[in-house]
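Here are my notes for a colleague who is meeting this structure for the first time. They are set out as numbered points, to be read beside the sequence and the model.

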Amino acid sequence: MHKTLPLIFTFLVTGCTVPSYTTGTPEQCVGVMSTQDAYGYLNPNHYTMQVLALKQERDVKEYIRYIDPQYPVWVNWKNSRGTRWYTVTVGDFKTKQDAYNARSSLPSRVKQSAPFVLTFAEMQRKQETNVVRMR
C-alpha cells in the first residue's frame, strides 16, 4: 500500500478521476496499474523515452502538459541513492530512430531534462512500483 500512495496522489494531482485501465482510452488518464499491465502488452523491442525524473510529485503535471498529446505517458516512482524520484516515460516507438526523432521534436523545456531512449524491456526491468498511465 505504501508504494501505491504516492502514485494515487499523482493520479489525483493530474486530474484523473476513475482509475480504470480496462475502459480507458489513450487520450485520458487510465489509472494505476502494475508494470505488467502498463507495459506488458507493448512490444518489448519497441522504444520509449524517459523524459524526466523529478523529486517533487507536484511538478509532474506541469511537465506533462508540454508533451505532445499523441504520445502515451506513464508516471512511476523509484528510489535512487536514498531519494524518491518520479519518472515520466513517453511514447511507443517502433524503432530507435523514431524515438530519437520524437525526442528532437520535444519542447526545449522538456529537452532540458535530458530525455533518453530505452526499450520497453529495459523500462519494465527498471520499475519498482505500480505505474500511472496518464494518457
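**Notes on the model**

1. The chain exposes about 7200 Å², of which carbon and sulfur atoms supply 49%; accessible areas come from the Shrake-Rupley method with a 1.4 Å probe, and for residues only the protein chains shown count as cover. This is a predicted model, in which local features need pLDDT of at least 70 and side-chain atom pairs count only at pLDDT 80 or more, while totals for chains, interfaces and linings use all residues. Residues are numbered from 1 along each chain as its sequence is written, and side-chain values use heavy atoms, with hydrogens and water left out.

2. On confidence, the mean pLDDT of the chain is 75, and 74% of its residues reach 70 or more; pLDDT is the predictor's confidence in each residue, from 0 to 100. Over residues 1-28 pLDDT stays under 50, and for that stretch the model has 56 contacts beyond four places in sequence, a contact meaning heavy atoms within 4.5 Å.

3. The chain holds six helices and six strands, where helices (H or I, at least four residues) and strands (E, at least two) are DSSP runs numbered from the N terminus. Along the sequence they follow the pattern α-β-α-β-α-β-β-α-α-β-α-β. Among contacts between residues at least 6 apart in sequence, 74% join residues at least 24 apart.

4. How do the strands pair? Strand β2 (residues 47-54) pairs with strand β4 (residues 83-93) in the antiparallel sense over six bridges, where two strands pair if DSSP finds at least two bridges between them. Within this pairing Tyr-47 stands opposite Phe-93, and Ala-53 stands opposite Thr-87. β2 also pairs with β5 in the antiparallel sense, over four bridges, and there Tyr-47 stands opposite Thr-119.

5. Strand β3 (residues 73-80) pairs with β4 in the antiparallel sense over eight bridges, and the bridge partner of Asn-79 in β4 is Arg-84. β3 and β4 form a hairpin with two residues between them, and Arg-81 in the turn has a positive phi of about 55°.

6. Of the 135 residues of the chain, 46% count as buried; buried means under 20% relative accessible area, exposed over 50% and partly exposed in between, with a 1.4 Å probe and protein chains only. Seven of the eight residues of β2 are buried, so β2 is largely enclosed by the rest of the structure.

7. The largest nonpolar core has 25 residues, of which Met-49, Val-51, Val-60, Ile-64, Val-88, Val-90 and Phe-93 touch the most other members. The elements that give two or more residues to this core are β2, α3 (60-64), β3, β4 and α4 (96-104), and β2 gives the most, with five residues. Apart from this core lies another, of nine residues, among them Ala-38, Leu-42, Leu-118 and Phe-120. A nonpolar core is a set of buried Ala, Val, Leu, Ile, Met, Phe, Trp, Tyr and Cys residues joined through side-chain atoms within 4.5 Å. In soluble globular proteins, nonpolar side chains tend to be buried together.

8. Which residues does Val-88 touch? Not counting residues up to four places away in sequence, Val-88 touches Met-49, Gln-50, Val-51, Leu-52, Val-60, Ile-64, Ile-67, Val-73, Trp-74 and Val-75.

9. The structure holds two aromatic pairs, one of them formed by Trp-74 and Phe-120, which are edge-to-face at 5.7 Å centre to centre, with 80° between the planes. Trp-74 lies in strand β3 and Phe-120 in helix α6 (residues 120-126), so the pair ties together parts that are 46 residues apart in sequence. Trp-74 counts as buried at 0% relative accessibility, and Phe-120 is buried with a relative accessible area of 0%. Rings of Phe, Tyr and Trp (its six-membered ring) pair if their centres lie within 6.5 Å; planes under 30 degrees apart count as stacked, over 60 as edge-to-face and the rest as tilted.

10. Thr-119 lies in strand β5 (residues 116-119), is buried with a relative accessible area of 14%, and touches Pro-44, His-46 and Tyr-47, not counting residues up to four places away in sequence. Tyr-86, in strand β4, is buried at 5%, and its C-alpha atom is separated by 5.1 Å from that of Leu-54, 32 residues apart along the chain. Thr-35, in helix α2 (residues 35-39), is buried at 16%.
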